[in-house]
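Hello! Here is the structure I promised to pass on to you. Have a look at it first, and then read my notes below.

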Amino acid sequence: MFTFCQRLVEGIIEKRKSQFTMLVTAEGQTGVPCHCPTTGRIGNIDVSGRPCLLSRSADPNRKTAFTVEAISLDRPEDERKTWIGINQNAANRYVEYFLKNGDFADMVGQVSEVRREVFLGKSKLDFLVGNTYLEVKTPLQHLQVEVPAWVRTKKVTPFSATGRMTKHFEELGGSLREHERAIMLVCFLYDNPGFRIVERSTNYEQVRELVDRNVTKGVETWQANFEITPAGVALKKYFPIHIA
């Protein structure tokens, strides 16, 4: 298990003030400004009133003392809550930890070297594991969970920002000329039974063609599910997937 240096603090989100900030009730205080680590949407969820988990910054000079690491669709009064991690940047730290501990052996084999942020063509990919390039994606545009009746939702616009993902697919496909394997790892910081396209992007057909072309070259697509709790993060399962 990836253990946090300090247990996460539970709070309740009052509102999302901006792309980067949420106001939270925590530790007996209201209106606590907290860093929101994802600038995009979190499914179609209105996060106001949602329970959340906060990590405390070690930097006393940072403008926001906390970062919102996860939200819950459970009621605030529920004693046992299930959490949905929203810190997409932190996903790479979790993947690195489990790679180095051999927990992804069925995907990458037993490896002795894990390198971070390796250049490939014009892109900087997340990992080079032995001789396998590995790129991590943590989608939050759609949450593949059942939304309870008490959770407010909102209408969202079609998603079209796919440029970074398609560029990395192309680079991974190109890497197979010189490396044995290339993997796109789709990570969820909650229990997702199996990745699927919930809503097609505005450029779906072009993206579909590009993905198919590079999968034909040998790029593999895998999914990993993590479980986040106040104490840490566990790798629950991982498996190959077909992105349709």
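**Salt bridges and the sheet**

Glu170 and Arg213 form a salt bridge, with their closest N and O atoms 3.0 Å apart. This pair links distant parts of the chain: Glu170 is in helix α3 and Arg213 in helix α4 (residues 204-217), 43 residues apart. Glu170 is partly exposed, at 31% relative accessibility, and Arg213 is partly exposed too, at 35%. Please keep in mind that this is a predicted model.

In general, side chains of opposite charge can pair when their charged atoms come close. How many salt bridges does a search of the whole structure find? There are 10. Among them is the one between Asp46 and Arg152, whose closest N and O atoms are 3.3 Å apart. Asp46 lies in the loop between β4 and β5, and Arg152 in the loop between β10 and α3 (163-175), so this pair ties together parts that are 106 residues apart in sequence.

Strands β10 (residues 132-137) and β11 (residues 181-188) run parallel and are joined by 6 bridges. To see one such spot, look for Thr132, which stands opposite Arg181 in β11.

Enjoy exploring!

Terms used. Residues numbered from 1 in each chain as written. Predicted model: local features only at pLDDT ≥ 70, side-chain atom pairs only at ≥ 80, totals over all residues. Heavy atoms only, no water. Pairing = 2+ DSSP bridges. Helix = DSSP H or I, 4+ residues; strand = E, 2+ residues; numbered from the N terminus. Salt bridge = Lys/Arg side-chain N within 4 Å of Asp/Glu carboxyl O. Buried < 20%, exposed > 50% of the residue type's maximum accessible area, 1.4 Å probe, protein only.
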